[in-house]
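Please read the following points with the sequence and the structure side by side.

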Amino acid sequence: MNRELFIRAITRFFAGLVLVALLLFIPAGTWKYPGGLLLMGILFIPMFIAGLIMMKKNPELLKKRLSVKEEESEQREVILFSGIMFLAAFIMAGLSFRNGWLMLPFSVSVGAAVVFLAAYVLYAEVLRENTWLSRTVEVQEDQKVIDTGLYGIVRHPMYMVTVLLFLAMPLVLGSVISFLIMLAYIPIIVKRIRNEEQVLEKDLPGYSAYMKKVKYRLIPFIW
């Protein structure tokens, strides 16, 4: 096991866990926030398991997923706006729970949790299909175009999955206000996809042909 990679991964994991907990439970004024506890469970338990699997089976992929250094200026803007969106959504969810602002019944939270976990399964499948996936927009050495599985349906199945995950989160938290905030992710991800495709079409051999073969970027028959 790569000790340095393990320390880096586990540090990132616990930092994320603590940050999300603070953003949710401090505004809520209590730890007894059912939607918040549910989200913490379905978010971080699968994440921990997935990290252990990648550490054992494909540490290079885990290393790529931990990289957040973005070279493209447009993508740095996307990361900034996404961070602001998450901060606002989590804080407003906690405040909404504390003050009773447009809160949904817990049955909605449970249904959204099922959708979230189903999306996590799709996330794992995308990682299995494409070992070149990183969190930054780049063309890697010996990278090839993947056009099978989910990549034969839409060009960006990872982003399709993240839309499901991110829109399910505020519903798990039971907050209508947070859901409206998270809708901002749609124009954010559209911006990222457009820029990413420019990079891939220019630098990745075969990507132009792939774009003609698979016409839809994110949602089949729509876009």
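1. Helix α5 has 24 residues, which at 1.5 Å a residue should span 34 Å; its end C-alpha atoms lie 35 Å apart, so the two values agree. The expected span is 1.5 Å times one less than the number of residues. Helices here are DSSP runs (H or I, at least four residues), numbered from the N terminus. The model is a predicted one, in which local features need pLDDT of at least 70 and side-chain atom pairs count only at pLDDT 80 or more, while totals for chains, interfaces and linings use all residues. Residues are numbered from 1 along each chain as its sequence is written, and side-chain values use heavy atoms, with hydrogens and water left out.

2. Among the buried residues of α5 are Phe116, Tyr120, Tyr123 and Leu127. Buried means under 20% relative accessible area, exposed over 50%, and partly exposed in between (1.4 Å probe, protein chains only).

3. Helix α5 also supplies 7 residues to the lining of the second largest pocket, the largest share. A pocket is an open set of points on a 1 Å grid over the protein atoms alone, where a 1.4 Å probe fits, with protein on both sides within 12 Å along at least five of seven lines; lining residues have an atom within 4 Å of a point. This pocket holds about 310 Å³ of space, the volume being that filled by probe spheres set on the points, which are joined across faces, edges and corners. Of its 15 lining residues, Ala50, Ile53, Met54, Ala124 and Leu127 lie nearest the centre.

4. How does helix α6 (residues 157–172) sit in the structure? Because 14 of its 16 residues are buried, α6 is largely enclosed by the rest of the structure. Gly174, which follows α6, has a positive phi, near 75 degrees.

5. The whole structure contains 3 salt bridges, each a side-chain nitrogen of Lys or Arg within 4 Å of a carboxyl oxygen of Asp or Glu. Glu197 pairs with Arg155 at 2.8 Å, N to O. Glu197 lies in helix α8 and Arg155 in the loop between α5 and α6, so this pair ties together parts 42 residues apart in sequence. Glu197 counts as buried at 4% relative accessibility, and Arg155 counts as buried at 6%.

6. Lys202 and Asp203 form another salt bridge, with the closest N and O atoms 3.2 Å apart. Lys202 is exposed, at 64%, whereas Asp203 is partly exposed, at 39%. Through shared partners, salt bridges join Arg155, Glu197 and Arg217 into one network.

How values were computed
Helices (H or I, at least four residues) and strands (E, at least two) are DSSP runs, numbered from the N terminus.
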